[in-house]
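Hi there,

Here is the structure I promised to pass on to you.

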Amino acid sequence: MRFVEKKLIKTALMSGVAAVAMAGLMGIPAALAAPVGDVPFGVYDPDGDFDSDGAVTIEHLFLPWEDVYLPSLNTADAYAKERGRALLVTLEPWTWSRSERNTAQFLRNGIFSGEYDANMHAVCQVLATLESPVTLRFMHEMDDDNGQFIWAGWDHDDYIAAYQRMIDLCRADAPNITVMWSPLGDEGMQDYYPGDDYTDLVGVSVFGLQAWDQAKHDHDRTFDEIFAPRYELAASFGKPVVVAELGYVGKAPYVQNWDDTVRVDKVEYPSLVGVVYFNYPEVYPWPEGFGMPDWRVKNQILD
């Protein structure tokens with residue numbers, strides 16, 4: 001099934017209050033339980049902090065397509081299946097070894113020449129065998145040209161052609177996957193839209209760093225302040241919307257405000273079908289000396 005209906009997802013979830021109560025019964029620290037609310041909740045959780053949290057219905061993992069250990073997908077599938085979670089697989093078209101990374105031009109030429117066809121086939125052939133529902137998120141945040149990703153900031157037509165080519169290859173191997181197109185979410189993202197046939201879900205990223213808010217905006221920004229304009233752009237394509245990466249760090253009142261908001265089912269966001277927390281330290285420095293925030297829920301409240 002390609003399209004995920006909001007009402008169908010909700011029937012498979014506990015209410016937020018019941019989930020928190022269950023977390024307490026299972027001995028999970030309250031700070032590590034999913035925020036209260038009705039919007040489906042997922043996590044990227046390498047430390048296993050949400051291992052036993054029954055409110056989590058989406059297991060997020062990141063995977064490079066070079067130097068990759070493909071059996072890790074089977075391990076993730078077993079983990080997700082045991083917990084009744086669907087898989088969100090973010091596939092990054094490079095290696096995680098910085099010393100071996102290619103350039104944007106090399107990647108672009110390699111995709112169009114077919115040099116990377118084998119990489120895509122290898123991953124997607126495994127995706128086809130997984131028993132959990134699988135969503136593929138490929139070449140994400142292409143609209144954020146901050147230097148982090150070699151597939152970001154391309155000519156729009158080049159990006160769209162490369163994305164479509166790789167999705168076609170993957171669907172040939174794994175026709176039942178759901179495909180998430182996932183920009184950062186700012187104005188200009190629409191120029192990278194690959195078309196309705198290549199987008200089942202639209203994902204955006206939302207991060208709240210209190211120190212950044214104070215320095216750059218002179219106030220503490222709320223989840224809604226950042227998300228609302230991104231939601232408006234994402235929802236304009238007529239597809240279900242997911243916050244594919246979510247994180248927030250600051251003093252206790254700041255974090256509490258976000259906790260109380262991120263899973264609230266609001267009439268303003270009728271197409272929102274899920275939020276996925278990035279429960280890991282930042283892997284790329286924020287600009288202007290703001291470092292690499294630790295988004296993990298056990299460290300997100302600062303003194």
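**Salt bridges**

Asp47, Asp49, Asp294, Arg296 and Lys298 are linked in a network of salt bridges. A salt bridge here is a side-chain nitrogen of Lys or Arg within 4 Å of a carboxyl oxygen of Asp or Glu. Before you go further, note that this is a predicted model, where local features need pLDDT of at least 70 and side-chain atom pairs count only at pLDDT 80 or more, while totals for chains, interfaces and linings use all residues. Residues are numbered from 1 along each chain as its sequence is written, and side-chain values use heavy atoms, with hydrogens and water left out.

How many salt bridges does the structure hold? There are 16. One of them pairs Arg137 with Glu245, with the closest N and O atoms 3.0 Å apart. Arg137 lies in strand β4 (residues 134-138) and Glu245 in strand β7 (residues 241-249), so this pair ties together parts that are 108 residues apart in sequence. (Helices, H or I with at least four residues, and strands, E with at least two, are DSSP runs numbered from the N terminus.) Arg137 is buried at 0% relative accessibility, and Glu245 is buried at 7%. Buried means under 20% relative accessible area, exposed over 50%, and partly exposed in between, using a 1.4 Å probe and protein chains only.

Another salt bridge joins Glu288 to Lys216, with the closest N and O atoms 2.2 Å apart. Glu288 sits in the segment after β8 (272-278) and Lys216 in helix α7, 72 residues apart. Glu288 is exposed, at 58%, whereas Lys216 is partly exposed, at 36%.

**The disulfide**

A search of the whole structure finds 1 disulfide (a pair of cysteine sulfur atoms within 2.5 Å). Which residues does the disulfide join? Cys124 and Cys170, with 1.9 Å from S to S. Cys124 belongs to helix α5 (residues 117-127) and Cys170 to helix α6 (residues 156-173), so the link ties together parts 46 residues apart in sequence. Both cysteines are buried. The link is left-handed, with -105 degrees about the S-S bond.

Helix α6 also holds Arg171, 29 residues from Asp200 in the loop between β5 (178-181) and β6. The side chains of Arg171 and Asp200 meet in a salt bridge, 3.7 Å from N to O. Arg171 is buried at 14%, and Asp200 is buried at 3%.

Enjoy exploring!
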